[in-house]
Amino acid sequence: MSEKFCIFCGGKPEKKNKEHVIPQWLIRMTGREKKDVFTDFPSDYKHLSFMNFTFPACEKCNSKYSELEALTQKIMEKVLSGGAISGAEANVLMDWFDKVRIGLWLTWMCYDPELKADVQPHFFIDSRIGTCDRLLNIRKLNLSDKENKGILFMGTNNTWFTYCPSAFSMVINDYYFLNASTNNLVSPHLGFPIMREAEMFDEDKGLFHASLEYGRQKIINPVVKGFIPHAESVTFFQPMYHEIAPLIEDNSAGQYIVNHSYDSAKGIGGVFFQKGNVNNIKYLQPNSLVNLKMKTTTWPALEPDVLKFQNIIAERSLFQTKESKLGIMLNKSMLSVMTKSK
């Protein structure tokens, strides 16, 4: 890997440009232009404003994602005003959260050359948008103090996220977003095909053998075992099956997949949604709308929320590494401390 890399494609930046991992439209929308990104870091840590939170990118790559940012800005305005968004818009919003999550992970590599050498990232934003099952849980928080509103991310500054950037949470003004994406996250309980019996054969490249198992062709609650959404929340789920799409046969199971996908040829599953945590999970047509008006919930326990979810993902992973096991152990230690401090 070159000393400086484009966070989109991973190559040496061509016609050097800079990418705001947290986009300028969102910084202005939340009034964080002059605020520090890392508010909880030691006082001797380098201060960095959101507007200066930029990283290398190719000019071509940066331009490529400008459309995603423009679409997301309009969608986010609807979300933060308690409006309604469509299935197609939820798909775009989850693309954007994929981009931000992987972008935040890569920022640590830019800041810490030793960490980059240790982790040796083999993927970048380009190769991780919309490639795996994903989830987005949204809650409205009861924040009366304007000073507390803005942008905050959680679950990104720990060992688990360093080696497995599959889940994080983000507060935008008075809305909380829990985002996750990994193989087999939602497909099993949405009736979609899954990979089983994985066996790693090239750990350096992340390659493994696996068998294909057709789904049950029905929805099972909870969609993610161990995760019960907050009663006052909306959750979007989306199965993704790019790699196995060519293997889908023309049978009843295959027809179920086609009927619940936005693009079955490309392995893009449709968006499912759930209000609260009761058994009311529904498939959302691309043009169908979901109203995001919801009651406010209290602030506490948001960081433990994402740490617990990271452990859910790690413990159900197709394979474990020494780094992922260490991440689970440290997350549990942090959760123990947080619980005792209350």
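Me: What share of the contacts in the protein with a separation of 6 or more comes from residues 24 or more positions apart?

Reply: A contact means heavy atoms within 4.5 Å. Here residues 24 or more positions apart account for 73% of the contacts with a separation of 6 or more. Note that this is a predicted model, in which local features need pLDDT of at least 70, side-chain atom pairs count only at pLDDT 80 or more, and totals for chains, interfaces and linings use all residues. Residues are numbered from 1 along each chain as its sequence is written, and side-chain values use heavy atoms, with hydrogens and water left out.

Me: How many helices and strands are there in the protein?

Reply: Helices (H or I, at least four residues) and strands (E, at least two) are DSSP runs, numbered from the N terminus. The protein has 10 helices and 16 strands.

Me: What percentage of the residues is buried?

Reply: Buried means under 20% relative accessible area, exposed means over 50%, and partly exposed is in between, with a 1.4 Å probe and protein chains only. Of the 342 residues in the protein, 51% are buried. As for the accessible surface, areas come from the Shrake-Rupley method with a 1.4 Å probe, and for residues only the protein chains shown count as cover. The total is about 16700 Å², and carbon and sulfur atoms hold 49% of that.

Me: Which residues touch the most other members of the largest nonpolar core?

Reply: A nonpolar core is a set of buried Ala, Val, Leu, Ile, Met, Phe, Trp, Tyr and Cys residues joined through side-chain atoms within 4.5 Å. The largest one has 91 residues, and those touching the most other members are Ile22, Met76, Val79, Met170, Phe177, Phe236 and Phe309. Helix H4 (residues 87-111) gives the most to this core, namely 12 residues. Take Ile22 as a case: beyond its neighbours within four places in sequence, Ile22 is in contact with Ile27, Phe50, Phe53, Val100, Ile151, Phe153 and Met170.

Me: Where do the buried residues of helix H8 fall, seen down its axis?

Reply: Start with the general idea. An α-helix has 3.6 residues a turn, so residues three or four places apart point the same way. In H8 (residues 252-259), the buried residues are Ala253, Gly254, Tyr256 and Ile257. They fall within an arc of 155°, so they line one face of the helix; the arc is that of the directions from the helix axis to the C-beta atoms. These buried residues pack against helix H7 (187-190) and strand S11 (261-263). Apart from neighbours within four places in sequence, Ile257 is in contact with Phe192, Pro193, Tyr214, Tyr241 and Ile248.

Me: How many aromatic pairs does the structure hold?

Reply: Rings of Phe, Tyr and Trp (its six-membered ring) pair if their centres lie within 6.5 Å; planes under 30 degrees apart count as stacked, over 60 as edge-to-face and the rest as tilted. The structure holds 14 aromatic pairs. One of them, Trp25 with Trp96, is tilted, at 5.9 Å centre to centre and 45° between the planes. Trp25 lies in helix H1 (residues 24-29) and Trp96 in helix H4, so the pair ties together parts that are 71 residues apart in sequence. Both Trp25 and Trp96 are buried. The rings of Trp105 and Phe123 have centres 4.9 Å apart and planes at 20°, so this pair is stacked. Ring pairs also link Phe192, Tyr241, Tyr256, Tyr262, Phe272 and Tyr283 into a cluster.

Me: Which residues does Thr72 touch, not counting those up to four places away in sequence?

Reply: Thr72 touches Trp25, Val92, Leu93 and Trp96. Thr72 sits in helix H3 (residues 66-80) and counts as buried, at 0% relative accessibility.

Me: Which backbone oxygens does the side chain of Ser181 reach?

Reply: A polar contact is a pair of N or O atoms within 3.5 Å; within protein, one must be able to donate a hydrogen and the other to accept it, and residues adjacent in sequence count only if both atoms are side-chain atoms. The side chain of Ser181 reaches the backbone oxygen of Cys132 at 3.4 Å and that of Asp133 at 3.0 Å. Ser181 lies in strand S7 (residues 175-181) and is buried, at 7% relative accessibility. In helix H7, His189 has a side-chain polar atom 2.6 Å from the backbone oxygen of Pro222.
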